[in-house]
Amino acid sequence: MTETAHRTQAQRREQTRTALLDATIDCLVDVGYARTSVQEICARAGVSKGAVQHHFTTKAELMAAAVEHLTTKLRRQLATSLDELPSGGTGVAAAIDLLWAGYSGTLSTAVTELWVAARTDPELRAAIRPVDRALGRATLEHVTQVAGELPPERAEMLFWLTVNLTRGLALDAELGGDPNRRRQLLEEWKRIAVLLYQDATTGPS
């Protein structure tokens with residue numbers, strides 16, 4: 001078999017895998033985890049059930065791979081955007097906006113569905129936990145750069161406070177909460193975070 005044929009076959013496998021992962025995310029968002037079946041995923045991806053078994057041995061593995069697929073794209077987007085931010089208080093406020101945009105929306109919906117299911121599914125929990133942690137570690141590295149002179153432990157604290165706040169706000173959005181209240185809470189947290197940054201970097205006068 002020629003090198004071109006090998007490459008074309010590999011490309012087809014990758015296209016099939018990507019189609020399955022995209023279809024899995026679509027199902028999680030559209031119908032929820034409980035109604036996301038392998039049959040529904042295959043129908044949306046336009047592939048056979050055998051194709052799923054060729055790429056993934058269990059449903060939990062497929063779900064974790066789908067979230068990793070989505071978070072990889074998100075991580076790249078966040079990395080590019082965060083690297084373009086100025087350091088200092090202005091950068092901290094802008095980074096919070098980026099984290100809110102990244103941790104809400106499609107990612108929030110899909111991951112929320114999986115974490116709720118993972119509460120009583122050890123296999124699913126074990127599959128998605130490393131994916132979630134990897135996203136946090138990678139994003140924290142870029143946020144620390146934006147934080148500039150802020151001590152690393154303080155930057156990490158601000159990061160995780162922001163992540164947990166944005167996840168809570170994203171869940172509030174899923175439950176139909178007041179969008180004006182979410183905006184007010186996010187703006188208030190940005191104000192507090194900038195003050196904390198300034199206090200930590202300027203020290204006592």
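The UniProt record, an unreviewed entry, places the feature "domain: HTH tetR-type" at residues 14-74. UniProt positions follow the numbering used here, feature names are shortened, and annotations may be inferred rather than shown by experiment. Residues are numbered from 1 along each chain as its sequence is written. The model is predicted: local features need pLDDT of at least 70, side-chain atom pairs count only at pLDDT 80 or more, and totals for chains, interfaces and linings use all residues, while side-chain values use heavy atoms, without hydrogens or water.

Residues 14-74 are 80% helix and 0% strand, with end C-alpha atoms 19 Å apart. For residues 37-56 the figures are 75% helix and 0% strand, and the end C-alpha atoms lie 14 Å apart.

The protein chain has nine helices and zero strands. Helices (H or I, at least four residues) and strands (E, at least two) are DSSP runs, numbered from the N terminus. The C-alpha atoms fill a box of roughly 70 × 45 × 30 Å along the principal axes.

The axes of α6 and α7 come within 9 Å and cross at roughly 140°. Axes are lines fitted to C-alpha atoms, for helices over the stretch in contact, and angles run from 0 to 180 degrees between N-to-C directions. α6 and α7 are therefore oblique to each other, given that angles under 35 degrees count as roughly parallel, over 145 as roughly antiparallel, 65 to 115 as roughly perpendicular and the rest as oblique. Their crossing is left-handed, meaning that the near helix is turned anticlockwise from the far one by less than a right angle.

Spaces in the model were found on a 1 Å grid over the protein atoms alone: a cavity is a set of points where a 1.4 Å probe fits but cannot get out, a pocket is an open set with protein on both sides within 12 Å along at least five of seven lines, and lining residues have an atom within 4 Å of a point. Grid points are joined across faces, edges and corners, and a volume is the space filled by probe spheres set on the points.

| Space | Volume | Residues nearest the centre |
|---|---|---|
| Largest pocket | about 250 Å³ | S108, V111, T112, W115 and R167 |
| Largest cavity | about 130 Å³ | V92, A95, V143, L158 and F159 |

The lining of the largest pocket has 16 residues, divided into 11 nonpolar, three polar and two charged. Here Ala, Val, Leu, Ile, Met, Phe, Trp, Tyr, Cys and Pro count as nonpolar, Asp, Glu, Lys and Arg as charged, and the others, Gly among them, as polar. α6 (105-118) is one of the helices that supply at least two residues each, and α6 gives the most, with seven.

One cavity of 30 Å³ or more is present. The largest cavity is lined by 14 residues, and α5 (89-103), α7, α8 and α9 (179-202) each give two or more of them. This lining has 13 nonpolar, one polar and no charged residues.
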